[in-house]
Amino acid sequence: MNAGSLDILLCSTPVHGHVTPLLAVSRALVDRGHRVHFLTGERYLEAAAATGASVLRLPAEADYDDSDIDAAFPGRVGLTGPAGIRWDMTEIFLRPARSQLAAMDAVLHSLHIDVVLAESLFLGAALLAARPRDRRPALLNLGIVPLGVKSRDTAPFGLGVPPRPGALGRVRNAALTVVAEKIVFAPVQRAAVRVGQEAGTGLPGFVLDWPSHADGVVQFTVPQFEYPRSDLAVPVHFVGPVSRTQASGADLPAWWADLDDGRPVIHVTQGTVANRDFGDLVLPTMRALAEQDVWVVASTGGRPLTVLGETLPANARVATYLPYDLLLPRTAVYVTNGGYGGIHYAMEHGVPVVVAGTTEDKAEVSARVTWSGVGVALGTNHPEPAAIARAVRTVLDQPAYAERSARIGRSIRSSSGVDGLERAVTQTVGAHRRAGWSVERAS
């Protein structure tokens, strides 16, 4: 263990898309000699332990099985846009916050923790952020979703509204902020205030803006894929995605050589978790492009190919798993439900995007896709095949989309990644110590 090693508490909700980037964080920090204590749900403890971290299980009331999130939380089915975000924020992410805070406090009372790293929707961290800085360790938000800190230069997070420049844009943003906080997300904020009161910490402000009250944000993107803000009240460290495309040792599917005939390859994915029903995006994309002179390539995420449940078009190719390191360099268009990590994998290789997603953070991801010019957003979770076909054709026929994705890809490949993450962590801990915090004082 090196002399500058830190004790780090790493916190994630028990959701695959939240845990996965933090596994890369944990592995990197352990490899650099730090002691990582990984707090998450039971389903992910084995994967967390495999990174070299010591693992800590969330209390039962803060844990759930995300393998079928709609079955675990049937009340969310059919909700999209702000209504879907309200439901998810309240029931999935806010309700466990008190138990999350209790679990963090148990660790802080038993171990010397230098810094807490929490992903954006681990809302127990919002309660921790409400405490005076001299009564808690350094706290960093890990930006695994688009940056949500409040700014006069941006519309409020959750509406999926891209920025508008100038004074008129700031007037619009101020008005939308009032609408978002007082109307659209008012039920979420009222629930968050109650949770803060019950926890005895209060709430540092609007719940979706809690990272503004941390000691910093480590954002897993590059500035070209995030809205500029001239009034940030908290340090934001853009490090790029910490998970980069890795060499795959998996066997290639028997049909792989078919892709060598020069036809454009369209890769469609619903992510790793949101693939219970391939009728959302994968099958509609195959139908949309069945008569086009392209290949449509998809993965079932490890499930049997029979789950697709129908005879596939002649130009469709499917495998249980696909090697992204080999597939993405030859992909012409990436059709996705809007996962933040997956879109960064596409941009890393300069692949333009067609995105269909409005739940969770996907409205914000979609807005950044159109704002940055890397692709086309369809504005729905269930696009019609005709809309998919038009969007794919637009992206194929207009090289500017691929050119913009390639520019961002160059920034991703040159970004600091885990090295930048470690620098942000050590700098933040140093500043926190100089400000007077100590374990003895906080205990």
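Predicted model: local features only at pLDDT ≥ 70, side-chain atom pairs only at ≥ 80, totals over all residues.

User: Which residue in E9 is the bridge partner of Val268?

Analyst: Ala298 is the bridge partner of Val268. The general idea: strands of a sheet pair through backbone hydrogen bonds, either parallel or antiparallel.

User: Where does E9 go from there, on its other pairing with E10?

Analyst: Strand E9 (residues 295-299) pairs with E10 in the parallel sense, over 4 bridges. Val297 stands opposite Arg317 in E10.

User: What is the strand order of the whole open sheet of 6 strands?

Analyst: The order is E10-E9-E8-E11-E12-E13, with parallel pairing. At the edges are E10 and strand E13 (375-377), each pairing on one side only. From one strand to the next, the twist averages 20 degrees.

User: Now the faces. Are the residues on the two sides of strand E10 buried or exposed?

Analyst: First the rule: in a regular strand the side chains alternate between the two faces of the sheet. In E10 (residues 316-319), Ala316 and Val318 lie on one side, Arg317 and Ala319 on the other, and all are buried. Both faces of E10 are covered.

User: What is the order of the open sheet of 7 strands?

Analyst: Read it as E3-E2-E1-E4-E5-E6-E7, with parallel pairing. Strand E3 (54-57) and strand E7 (236-238) are the edges; each has a single partner strand, so one side of each lacks a neighbour in the sheet. The twist here averages 20 degrees from one strand to the next.

User: How many bridges join strand E2 to E3, and what packs on that sheet?

Analyst: There are 4 bridges between E2 (residues 35-40) and E3, which run parallel. Thr40 stands opposite Arg57 in E3. Helix H5 (residues 97-110) packs on the sheet, touching strand E1 (7-11), E2, E3 and strand E4 (115-119). The direction of H5 makes about 170 degrees with that of E1.

User: Next, a helix. Why is H11 described as largely enclosed by the rest of the structure?

Analyst: Count its buried residues, taking buried as under 20% relative accessible area. In helix H11 (residues 340-348), 7 of the 9 residues are buried, so the rest of the structure largely encloses it. They are Tyr340, Gly342, Ile343, His344, Ala346, Met347 and Glu348.

User: What do those buried residues pack against?

Analyst: Their partners are E5, strand E6 (216-219), strand E11 (331-336), strand E12 (353-355), H12 and helix H14 (400-414). H11 lies across E11 and E12, running at about 170 degrees to E11. After H11 comes Gly350, with a positive phi near 70 degrees.

User: Last, the cavities. How many of 30 Å³ or more does the structure hold?

Analyst: It holds 2. Of its 22 lining residues, Ser120, Leu121, Val145, Phe157 and Leu208 lie nearest its centre. By class, the lining has 14 nonpolar, 5 polar and 3 charged residues. H4 gives the largest share, 4 residues.

User: And what lines the second largest cavity?

Analyst: That cavity has a volume of about 160 Å³. It is lined by 19 residues, and those closest to its centre are Gly148, Lys150, Ala155, Pro156 and Phe157. Helix H7 (166-184) and helix H12 (362-372) each give two or more residues to the lining. The classes are 9 nonpolar, 4 polar and 6 charged.

Conventions. Residues numbered from 1 in each chain as written. Heavy atoms only, no water. Buried < 20%, exposed > 50% of the residue type's maximum accessible area, 1.4 Å probe, protein only. Pairing = 2+ DSSP bridges. 1 Å grid on protein atoms, 1.4 Å probe; cavity = no way out; pocket = protein on both sides within 12 Å on 5 of 7 lines; lining within 4 Å. Points joined across faces, edges and corners; volume = space filled by probe spheres on them. Nonpolar A, V, L, I, M, F, W, Y, C, P; charged D, E, K, R; others polar. Contact = heavy atoms within 4.5 Å. Axes fitted to C-alpha atoms, helices over the stretch in contact; angles between N-to-C directions.
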